[in-house]
Amino acid sequence: MKNQTFDLQRRLINFAISVMEIVELLPKIYTGTHFKKQLVRSGTAPALLYGEAQAAESRKDFVHKMKIGLKELRESYITLTIILEKPLIKNQKVIVTLNECDELISIFFTSITTAKQNMKKR
C-alpha cells in the first residue's frame, strides 16, 4: 500500500511539474496569460490536495479532499484540451500531460468510489 501511495504522490508531483513547464511555454498574449494563471492553479492543486487527503481526519474528510482534487484535475483536463485545440502552443508535452491528467482523473474517481463504499460498510 505504501508503494502505491508514493507512486500516486510522485505522479501528481510530476504532473504539476509538467503543467508548470507548459505554462512557461504559453505565449505572452491575453489568452496565454489567462490560461497560464488558470492552469498553474488547477494543475498544481491535486498534488497538494492529495497530501492533505493523506492526513485526513476521517474517511469523510479524505473523500472531500479527493473530490476537490478530482475537480481540479477535470478543470486542468479541459484547459489543456483548449490549449491543444486552439493551439496556443504546439508541443508534444501537452498531449502527454493531457493523457496523464486523464489517467489521474480515473485514479481519483476510483479512490473516491472505494472510500465511499468502505464508509458504507462501517
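The side chains of arginine 11 and glutamate 103 meet in a salt bridge, with 2.7 Å from N to O. Arginine 11 lies in helix H1 and glutamate 103 in helix H4, so this pair ties together parts that are 92 residues apart in sequence. This comes from a predicted model.

Arginine 11 has another partner. Its salt bridge with glutamate 100 has its closest N and O atoms 2.8 Å apart. Glutamate 100 also lies in helix H4, so the pair with arginine 11 of helix H1 joins parts 89 residues apart in sequence. Together, Arg11, Glu100 and Glu103 are linked in a network of salt bridges. In general, side chains of opposite charge can pair when their charged atoms come close.

How covered are these residues? The table gives their relative accessibility.

| Residue | Relative accessibility | Class |
|---|---|---|
| Arginine 11 | 27% | partly exposed |
| Glutamate 100 | 19% | buried |
| Glutamate 103 | 41% | partly exposed |

Glutamate 100 counts as buried because its 19% falls under the 20% cut-off.

The structure holds four salt bridges. One of them joins aspartate 61 and lysine 65, with the closest N and O atoms 2.7 Å apart. Both residues lie in helix H3, four residues apart, which is about one turn of the helix. Aspartate 61 and lysine 65 are both buried.

Now the overall plan. The protein chain has four helices and zero strands. Its C-alpha trace spans about 55 × 25 × 20 Å along the principal axes. Of the 122 residues in the chain, 38% are buried.

Which residues have the most contacts inside the largest nonpolar core? They are Leu80 and Ile83, in a core of 29 residues. Helices H1 (2-25), H2 (30-54), H3 and H4 each supply at least two residues of this core. The largest share, eight residues, comes from H4. In soluble globular proteins, nonpolar side chains tend to be buried together.

The surface carries a patch of positive charge, where Lys67, Lys71, Lys116 and Lys120 gather. Helix H3 (59-85) and helix H4 (92-121) each supply at least two residues of the patch. Lysine 67 sits in helix H3. This lysine 67 is partly exposed, with a relative accessible area of 35%.

Lysine 86 and proline 87 are joined by a cis peptide bond, with omega about -25°. Proline 87 is found in the loop between H3 and H4. Most peptide bonds are trans.

Definitions and conventions
Residues numbered from 1 in each chain as written. Predicted model: local features only at pLDDT ≥ 70, side-chain atom pairs only at ≥ 80, totals over all residues. Heavy atoms only, no water. Patch = residues over 30% accessible without salt bridge, like charges linked within 9 Å, V, L, I, M, F, W, Y side chains within 5 Å. Areas by Shrake-Rupley, 256 points an atom, 1.4 Å probe, with all protein chains shown as cover. Lys, Arg positive; Asp, Glu negative; His and termini not counted. Charge placed at Lys NZ, Arg CZ, Asp CG, Glu CD. Buried < 20%, exposed > 50% of the residue type's maximum accessible area, 1.4 Å probe, protein only. Core = buried A, V, L, I, M, F, W, Y, C linked by side-chain atoms within 4.5 Å.
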